[in-house]
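Please look through the structure shown here, then read the report on its pockets, charged pairs and backbone.

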Amino acid sequence: MKIKITLAAIAALGAACATEFFVSPTGDDNAAGTFAAPFATPARARDAVRAAWKAGAKGGFTVWLRGGVYPLRSAWTFGKEDSGASAAPIAYRAWKDETPVLSGGWTVPASAWRKADDPRIPAAARGKVWAADVKSLGFDALEPDAPCGFSMPNAKFRILSLYRNGRLLTLARHPDKGFLPITVVDATNRVFTAALDDFARWSPAVAPDLQALGYWKYLWADQTVPVSVDPVARTITIRLVDQWNFPKKDAPFYLQNALGALDAPGEWFLDRAKGVLFLRPPADEAPASATYELARAAHPLLSVRDAAHLRFEGIVFRTGRHHGVTMVGATDVAFEGCVVRDFGGTGFILYGANGCSFRGNVLHTFGHKAAEINGGDRRAFRSSGTRIVANDVSDTGHAMRTYSHGFAVGGYGLEIARNHMHDLPSSAFSVGGNEHLVASNLVENVVLESDDQGGVDMWGDPTFRGNRFIHNIWRNVGRGGDYVKCGQAGIRFDDAISGNYVYGNRFDNCSREKFGGVQIHAGRDNVIRNNLFVRCRYGVSFSEWPMAHWRAYFKRPSTQNYIKAVDAYGPAFLAKYPEFATTVDTPMNDTVEYNIFVGGESLLARKAAAAKVRGNVCLEKMPDDLTSVPGFDPLPPESAIGPGADPFLARARASDGR
């Protein structure tokens with residue numbers, strides 16, 4: 001139905017409602033938008049605000065979203081014309097203690113489930129698998145998942161997922177946990193074999209959409225790709241050609257997305273050709289006793305472009321095959337007390353942030369990253385003025401395991417403080433750019449799988465300088481195990497990362513294999529000062545390059561591009577970072593001083609020849625009073641680290657209900 005309303009009527013409505021509009025799932029888009037007669041959709045309220053501004057209404061607006069589920073078949077979009085004013089921002093808020101949920105999911109009707117009878121079902125699961133003909137019921141997201149993984153060009157992150165009562169279930173896989181090692185047959189043609197019990201159940205005739213997730217070449221570069229199995233030759237062939245998926249002997253992988261793999265409780269599979277969903281419910285319960293929801297939306301639920309002076313508060317964005325929320329060119333946009341969860345791509349993306357606030361949100365369960373945020377101007381040394389504060393972030397990387405960071409930040413001058421980052425297969429933070437402050441964050445149980453990684457990951461660009469890591473707690477970083485050969489660290493400065501400052505952190509159980517709590521790979525001018533290392537095998541580890549390799553690195557086209565991007569040899573950059581003028585001549589002159597190391601093998605692993613090491617103390621047991629150690633500044637109490645009782649986060653956690 002096309003809605004017609006005059007601008008004068010809209011302006012009068014805005015004045016009569018004291019600049020407020022209301023939205024409810026039980027409302028009507030032809031209604032007045034009042035508390036008693038609310039709109040039905042968030043988009044209708046946005047249009048009402050837009051028309052009121054155009055008609056000359058004064059002051060800011062608040063759109064109140066009542067509790068309930070708002071199914072979205074297209075993105076809720078905002079452009080420049082939807083901006084507020086600096087003194088009168090436009091706010092979209094949850095009403096009181098109610099929970100509005102914007103959803104891109106599709107609920108399987110409880111009555112649709114029937115016991116499944118299909119010869120492809122493994123013998124161990126027969127009689128325990130249920131099926132629902134979702135295509136006949138209107139579910140239309142039947143195209144194959146897009147391949148994804150490290151360095152894959154144009155990765156779409158169109159990933160289908162199934163949730164039971166809001167909890168992610170496992171796409172049918174073999175083995176059910178862990179990996180199988182590869183035995184290479186012909187790496188050039190991407191053909192390999194492995195110890196499969198029955199090659200026939202993976203053949204193209206019974207598993208036409210078979211995929212494999214593998215760390216094919218390196219233990220820090222996974223890809224999920226289509227594969228085919230030859231049951232006669234007993235081989236597996238990777239069907240997607242890419243420089244990173246040449247299989248390597250003993251590399252770990254697993255198969256997924258085949259009915260023949262559906263043998264464990266909590267696994268599922270969608271036969272896309274027939275449109276039939278197969279499920280073995282957790283605990284082999286009857287599926288009608290729970291709510292099962294498929295991701296449907298292949299678009300963000302909220303999209304903001306070139307808008308300013310907006311507020312989004314207390315709203316839940318959940319369930320989709322792609323990214324959750326995307327913002328590009330945002331000025332003074334606040335996203336606070338919200339929940340973003342259950343998306344096949346990245347949960348929240350903000351490019352070009354200027355004076356924005358991302359505070360007190362809960363983010364979890366993504367195919368890729370939790371959030372990617374950049375802003376400011378590195379070349380002009382203009383700070384973004386954006387704060388990322390007091391958020392709770394967990395459970396990334398269920399489609400792409402490596403580089404599925406909690407927060408990936410870039411640009412110039414962002415503050416990332418008091419967040420709780422936990423239970424992540426990869427890094428808590430990817431940091432690129434300059435003059436970011438990473439302070440008072442609580443980081444626990446991260447880097448749980450991939451090798452050659454850190455709780456902070458910085459890589460490759462020697463112009464990434466001036467970043468400060470202050471008063472964070474890094475606890476239980478890295479898991480080790482058979483597939484970790486290089487190392488895992490709390491903070492990792494990789495391949496020429498230089499000129500950054502690590503002060504007043506506590507590293508507890510953050511050193512695996514060759515890496516210390518802090519790992520420095522060929523960088524220089526990094527300062528590691530006044531940190532406490534507890535239960536770390538090593539405190540600080542170095543990986544030194546020969547001078548010829550260091551100088552050759554600076555001649556590489558990619559490194560030259562990094563330098564040109566910020567005019568690093570120009571007068572402005574050298575005035576701010578004068579040490580860069582001689583950086584090619586003196587690698588690894590880092591400083592490690594006044595740190596305390598308790599209960600490990602040694603403070604240093606593979607000391608770099610040019611490193612300055614002084615004033616450090618190694619102890620067998622933790623002293624009762626750290627201030628008794630000469631030269632060591634006191635650390636803040638643990639209660640001061642992490643979100644604490646942030647009111648926005650308390651609201652978001654209540655809305656999330658986990």
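## The second largest pocket

In this predicted model, 36 residues line the second largest pocket. Those nearest its centre are Phe-150, Tyr-403, His-405, Asp-457 and Trp-459.

The volume of the second largest pocket is about 820 Å³. By type, its lining residues are 16 nonpolar, 10 polar and 10 charged.

## The largest pocket

The largest pocket holds about 1100 Å³ of space. Its lining is made of 48 residues, and Arg-173, Tyr-254, Gly-397, His-398 and Arg-401 are the ones that lie nearest the centre. The lining of the largest pocket contains 23 nonpolar, 13 polar and 12 charged residues.

Several strands supply at least two residues each to the lining of the largest pocket: β13 (170–171), β18 (211–214), β21 (252–256), β22 (267–271) and β38 (420–424). Which of them gives the most? It is β21, with three residues.

Arg-173, one of the residues nearest the centre of the largest pocket, belongs to strand β14 (residues 173–174). Side chains of opposite charge can pair when their charged atoms come close. Arg-173 is buried but has no salt bridge. Glu-267 is the nearest side chain of opposite charge, and the distance to it is 5.6 Å.

The side chain of Arg-173 does have a polar atom 2.4 Å from the backbone oxygen of Gly-178.

## Salt bridges

How many salt bridges does the structure hold? The count is 43. One of them joins Arg-201 to Asp-197, with 3.6 Å between the closest N and O atoms. Asp-197 is exposed, at a relative accessible area of 56%. Another joins Glu-638 to Arg-475, at 3.0 Å from N to O. This pair links distant parts of the chain, as the two residues are 163 residues apart. Glu-638 is in the loop between β57 (617–619) and α6 (647–656), while Arg-475 is in strand β44 (residues 473–477).

Asp-494 is buried at 7% relative accessible area, and Arg-492 is buried at 3%. Elsewhere, salt bridges link a set of residues into a network: Glu-293, Arg-318, Arg-341, Asp-342, Asp-656 and Arg-658.

## Backbone exceptions

Most residues other than glycine have a negative phi, and most peptide bonds are trans. The peptide bond from His-174 to Pro-175 is cis, with omega near 0°. Pro-175 is placed in the loop between β14 and β15 (180–181). Strand β14 is also where Arg-173 is found.

Arg-234 is not a glycine, but its phi is positive, at about 60°. It sits in the loop between β19 (223–230) and β20 (235–238). With 42% relative accessibility, Arg-234 counts as partly exposed. Ala-496 also has a positive phi, near 80°, and is a residue other than glycine. Ala-496 is buried, with a relative accessible area of 0%.

## The loop between β45 and β46

Ala-496 lies in the loop between β45 and β46 (501–503). Asn-500 is placed in the loop between β45 and β46 as well. Asn-500 is buried, with a relative accessible area of 1%.

How far apart are Asn-500 and Asp-525 in sequence, and how far in space? They are separated by 25 residues in sequence and by 7.0 Å in space, from C-alpha to C-alpha.

Notes: Residues numbered from 1 in each chain as written. Predicted model: local features only at pLDDT ≥ 70, side-chain atom pairs only at ≥ 80, totals over all residues. Heavy atoms only, no water. 1 Å grid on protein atoms, 1.4 Å probe; cavity = no way out; pocket = protein on both sides within 12 Å on 5 of 7 lines; lining within 4 Å. Points joined across faces, edges and corners; volume = space filled by probe spheres on them. Helix = DSSP H or I, 4+ residues; strand = E, 2+ residues; numbered from the N terminus. Nonpolar A, V, L, I, M, F, W, Y, C, P; charged D, E, K, R; others polar. Buried < 20%, exposed > 50% of the residue type's maximum accessible area, 1.4 Å probe, protein only. Lys, Arg positive; Asp, Glu negative; His and termini not counted. Salt bridge = Lys/Arg side-chain N within 4 Å of Asp/Glu carboxyl O. Polar contact = N/O pair within 3.5 Å; in protein donor to acceptor, adjacent residues only side chain to side chain.
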